[in-house]
Amino acid sequence: MINREFAALVEAAAAPYRRSGRYAWRFARGKLRGDPVFRFLLSSGVLPSAGVLFDLGCGQGVLMALLRSASACHARGNWPAEWPAPPSSLKLHGVELSRRRAEVAGQALDGSAEVERGDIRHVPLPACAAIVILDVLLYLSDADQRRVLARCAAALRPGGVLVLREADAGAGLPFQVTRWAEKLACWSRGQFRQRLRYRRAREWRALLEAAGFTVEAHPMSEGTPFGNVLFVALRR
């Protein structure tokens, strides 16, 4: 159930996407309302209040738009009483491979965050406090998944957090729904030969621990038919 304050926050975060057309606005609004990861990130307090945050594979930049609007809503007193204060001094930096999505993100964020078009396997990752990767690593090969996680571990300061969401290949029917939804999404973009690399939740945990993280796993499919898990990984 979406509370009144969060519903208002979603509307505020999605509004700037009208500059890029109705589709961009409807996508941002629907994603923020329907995907449980965004409520979790604000209500759990897992993100630091200051420092640099990289959103790798940021898409249209909806997480960064949400964080910017959250700070403004909290300052006005329009904030759920049971939630911690949102990050107020994060410097936001998104990386997106798609030119069109990067352009939409840049237009919506309008200078309040830096959006870079690039490949997360190769873009420089300076020292930072937080990295978020949502539903992205499945598009990479096994070796590239490992390399990206190693790069994240090298960039994060001790105590820094990596927030990673991926499908759990051991989740049974919900995983099959997730897998086919991703295939359809790829086909709709003309990516008929896109290979998808999934892992079981325990495999993701083992990779993160081997890279130097202490890991907590949270089911992240509430209200959806999917089989996703969110890993909150602290750099040891």
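This is a predicted model: local features need pLDDT of at least 70, side-chain atom pairs count only at pLDDT 80 or more; totals for chains, interfaces and linings use all residues.
Helices, which are DSSP runs of H or I with at least four residues, and strands, which are E runs of at least two, are numbered from the N terminus.

Residues are numbered from 1 along each chain as its sequence is written, and side-chain values use heavy atoms, with hydrogens and water left out.

Let me begin with H93. Is H93 buried or exposed? The relative accessible area of H93 is 12%, so H93 is buried; buried means under 20%, exposed over 50% and partly exposed in between, with a 1.4 Å probe and protein chains only. The side chain of H93 makes a polar contact with the side chain of E116 at 3.0 Å. A polar contact here is a pair of N or O atoms within 3.5 Å; within protein, one must be able to donate a hydrogen and the other to accept it, and residues adjacent in sequence count only if both atoms are side-chain atoms. Residues up to four places away in sequence aside, H93 touches L53, F54, D55, M64, E114 and E116, where contact means heavy atoms within 4.5 Å.

R117 lies in strand β3. With a relative accessible area of 46%, R117 is partly exposed. A polar atom of the R117 side chain lies 3.1 Å from the backbone oxygen of L97. Beyond its neighbours within four places in sequence, R117 is in contact with E96, L97, S98, R99 and A102.

I turn now to the helices. Two packed helices are described by the angle between their axes and the distance between the axes. Axes are lines fitted to C-alpha atoms, for helices over the stretch in contact, and angles run from 0 to 180 degrees between N-to-C directions.

How do the axes of α1 and α2 cross, and within what distance do they come? Helix α1 covers residues 4–14 and helix α2 residues 22–34; their axes come within 9 Å and cross at roughly 150°. The two helices are therefore roughly antiparallel to each other. In this scheme, angles under 35 degrees count as roughly parallel, over 145 as roughly antiparallel, 65 to 115 as roughly perpendicular and the rest as oblique. On the α1 side, F6, A7, V10, E11, A13 and A14 meet W25, A28, R29, L32 and R33 of α2. By class, this contact of α1 with α2 has eight nonpolar, no polar and three charged residues. The nonpolar class is Ala, Val, Leu, Ile, Met, Phe, Trp, Tyr, Cys and Pro, the charged class is Asp, Glu, Lys and Arg, and the others, Gly among them, count as polar.

Helix α1 also packs with α4, at an angle of about 125° and with their axes 9 Å apart. That makes α1 oblique to α4. Here F6, L9, A12 and A13 in α1 meet A65, L66, S69, A70 and C73 in α4. These residues divide into eight nonpolar, one polar and no charged.

The next pair is α3, residues 36–44, and α4, residues 62–75, whose axes come within 11 Å and cross at roughly 40°. Helices α3 and α4 are therefore oblique to each other. Their contact is made by F38, L41 and L42 of α3 and V62, L63, L66, L67 and A70 of α4. By class, it has eight nonpolar, no polar and no charged residues.

Next comes the segment before α1, where N3 lies. N3 is buried, with a relative accessible area of 18%. The side chain of N3 reaches the backbone nitrogen of F6 at 2.7 Å. Its neighbours within four places in sequence aside, N3 is in contact with R39, P80, E82 and W83.

G34, in helix α2, is partly exposed at 43% relative accessibility. The C-alpha atoms of G34 and E222 are separated by 9.3 Å, although the two residues are 188 residues apart along the chain.

I close with the loops. Which loop holds D110? D110 is found between α5 (99–109) and β3 (114–117). D110 has a positive phi of about 50° although it is not a glycine, and D110 is exposed, with a relative accessible area of 57%. D135, in the loop between β4 (128–134) and α6 (142–155), has a positive phi of about 55° and is not a glycine.
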